[in-house]
Amino acid sequence: MPSMSRPLRLPALLLGCLVLAACTPPPAKPTAPNPPPVAITTPSISLPPRPREIKLDRVDPCTLLTTRQRRTLGMDRPPLPTRYPTMGNAKVCDFRDSTRALTVRIGLVLVQGVGVWLEETAQADVKAATVAEFPAVIVRTAEQTRFCNVEVDVAQGQFLDIQFGDAGNAAPPGLDAMCASAQEVATAAMTTLMAR
């Protein structure tokens, strides 16, 4: 399953070409005005304030889904801890549903806030959401249809990253269903965090 990553950024030249709709000049028509530029940015999203801060510095992501929660979610394989080097060596934990060939990845990003997904260069379809009363965003990327991410704004400069995706299912759920499942996992993880 692809790992979570900082959003890719278009080179400035390509971005400029897209914004102007084309890099070639329009045909010479003295009486016709130039066409307006094509907007490619996601409409700005304003997130509500956090009800409080929950710092992730000393959290183990493999403990954010309890045994009961994993059973409810169908994650029947033992949690697998790892690291995500390009996001400040973020702690990550992978969970797997071996029956349906689906996976969950929980990451603790400590080096930047959830606002990174709201930047114009994020190249993602981002929708505001609320998870356990905390502001969050649901992130889809055009080139990836086999997983969906939910990012929860838990503290200044930190966010909880939840990825739900296909791990070889012959008939994987659609993207809407995976985003709904990612929200369900995020709610479970936040419930665990807030109970501490």
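Biologist: Is Cys62 buried or exposed?
Modeller: Cys62 is buried, since its relative accessible area is 14%; buried means under 20%, exposed over 50%, and partly exposed in between, with a 1.4 Å probe and protein chains only. Keep in mind that this is a predicted model, where local features need pLDDT of at least 70 and side-chain atom pairs count only at pLDDT 80 or more, while totals for chains, interfaces and linings use all residues. Residues are numbered from 1 along each chain as its sequence is written, and side-chain values use heavy atoms, with hydrogens and water left out.

Biologist: OK, and which residue does Cys62 form a disulfide with?
Modeller: Cys93, with the two sulfur atoms 2.0 Å apart. The cut-off for calling a disulfide is a pair of cysteine sulfur atoms within 2.5 Å.

Biologist: What about the handedness of the link between Cys62 and Cys93?
Modeller: Right-handed, with 100° about the S-S bond.

Biologist: And how buried is Cys93?
Modeller: Its relative accessible area is 0%, so Cys93 counts as buried.

Biologist: How many disulfides does the count come to?
Modeller: Two. Cys148 and Cys179 form a disulfide as well, with their sulfur atoms 2.0 Å apart.

Biologist: Which parts does the pair of Cys148 and Cys179 tie together?
Modeller: Strand 6 (residues 144-155) holds Cys148 and helix 3 (residues 175-194) holds Cys179, so the bond ties together parts 31 residues apart in sequence. The torsion about the S-S bond is about 100°, which makes this disulfide right-handed. Cys148 is buried at 0% relative accessible area, and Cys179 is buried at 3%.

Biologist: Switching to backbone: what is phi of Ala101?
Modeller: Near 55°, a positive value in a residue other than glycine. Ala101 is in the loop between strand 2 (90-97) and strand 3 (102-109). With 12% relative accessibility, Ala101 counts as buried.

Biologist: And what is phi of Glu133?
Modeller: Near 75°, again positive in a residue other than glycine. Glu133 is in the loop between strand 4 (125-131) and strand 5 (134-141).

Biologist: Buried or exposed, that Glu133?
Modeller: Exposed, because its relative accessibility is 64%.

Terms used:
Helices (H or I, at least four residues) and strands (E, at least two) are DSSP runs, numbered from the N terminus.
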